Amino acid sequence: MMSTTDRTAFRRELHPTPVDAAERERILANPGFGERFTDHMVVVDWNVDGGWTDARVVPYGPLSLDPASSVLHYGQEIFEGLKAYRHADGSVWTFRPQKNAERLRRSAHRLALPEVPEHVFLDTLHELIAVDGAWVPSAPETSLYIRPFEIATESFLGVRAAQSVGFFVIASPAGAYFTGGVAPVDIWLATEYSRAGRGGTGAAKCGGNYAASLLPQQEAYANGCQQVLFLDGETHSRIDELGGMNIFFVRSDNTLVTPELTGSILEGVTRDSVIQLAKDRGMSVEEREVTIDEWRDGVADGSITEVFACGTAAVITPIGQLKSPDFTIGAPGQEPGEVTMSIRDELTGIQYGRVADRHGWLYRLDTDTEDAR
């Protein structure tokens, strides 16, 4: 059983035939997103008797699961998403990983899964970069997307929390989200479907929430939109979030507004960072109820001047129009807003080491865990 204070000891089973350097560079030149994966993955097991044990690095490859594994039947699964960034001096950093570790623990609690200690979470990131650091791309606005996830592996068809679990960390090189420059996206209003309800799993980062968003997301694509917006599941009037991003409204009085965390909204790391950067520049920040009528009226009278979404993948995405079967908010052909782009530039500048990290958000991965900050 692992100590909750000692550094995690890993055993390494290195890939016998890793991708050669030339092929890896070819992949990194145009990585896309979530299409190719590094040579290795990190695995840590848990069971009810021994706790967290057998931390190891193994070749990336298929998992062997019994058909009766709990994750396949009852959806006991959670995950995280964060990025590793190559700075100009060649060093490798990530952004606020302690917040991801904290959120994974909250998700685990809600899904009745064991909580991964923060030091184990951070140690897995170091270990992955120690063996696959060459997969972190260096081209502008590229990164290595890291996906930690936890699944119930016990073979048991009874409805209860699993007594054996696996924690895994995989990684995939990611290209620039906006290849032709940052441009506003159009989003579709889901009127028949809700992402989550109060008391449900909306605040947890679990696959079921994303599965629930896929059908309305298809509806968004069919209507020429790139994302879907969900309202609350009770009144269908309050704005919750997009399928995979939080949303912000810039008001003409230098106020930034975002829906409050009600238990049905995922508490994004990027969301929290945007709030801090807005306060740093003297903006008033309001976390409160926001209705669809307020959005419509605010755009009409000019009190809402910009709208943007945020998340790990795109960082900050300007929103052009909101479309629905009955109305459209906003006009076509809009340019990204000044505040939106200013906050985006500052945030990405911190992540890539171009802007001073006043809040100590950066965490170095290509070094000993004791020297990470």
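## Nonpolar cores

In this predicted model, the largest nonpolar core comprises 48 residues, and those with the most contacts inside it are Ala 84, Phe 121, Leu 125, Ile 146, Phe 167 and Leu 365. Once its neighbours within four places in sequence are set aside, Leu 125 is in contact with Leu 82, Pro 97, Ile 146, Val 169 and Leu 365.

Another core, of 21 residues, lies apart from the largest one; Leu 256, Ile 275, Phe 308 and Ile 350 are among its members.

## Largest cavity

A search of the whole structure identifies 2 cavities of 30 Å³ or more. The largest holds about 100 Å³ of space. Its lining includes Gly 81, Leu 82, Lys 83, Tyr 85, Phe 95 and Asn 100, together with Val 269, Thr 270, Gly 311, Thr 312, Val 315 and Gln 351.

Strand 5 (82-86) and helix 6 (269-280) each contribute at least two lining residues to the largest cavity, and strand 5 gives the most, with 3 residues. By class, this lining has 5 nonpolar, 6 polar and 1 charged residues.

## Second largest cavity

The second largest cavity has a volume of about 50 Å³. It is lined by Lys 99, Glu 102, Arg 103, Arg 106, Glu 267, Gly 268, Val 269 and Asp 272. Two or more of these residues come from each of helix 3 (97-110) and helix 6, with helix 3 supplying the largest share, 4 residues.

The lining of the second largest cavity divides into 1 nonpolar, 1 polar and 6 charged residues.

Technical notes: Residues numbered from 1 in each chain as written. Predicted model: local features only at pLDDT ≥ 70, side-chain atom pairs only at ≥ 80, totals over all residues. Heavy atoms only, no water. Core = buried A, V, L, I, M, F, W, Y, C linked by side-chain atoms within 4.5 Å. Buried < 20%, exposed > 50% of the residue type's maximum accessible area, 1.4 Å probe, protein only. Contact = heavy atoms within 4.5 Å. 1 Å grid on protein atoms, 1.4 Å probe; cavity = no way out; pocket = protein on both sides within 12 Å on 5 of 7 lines; lining within 4 Å. Points joined across faces, edges and corners; volume = space filled by probe spheres on them. Nonpolar A, V, L, I, M, F, W, Y, C, P; charged D, E, K, R; others polar.
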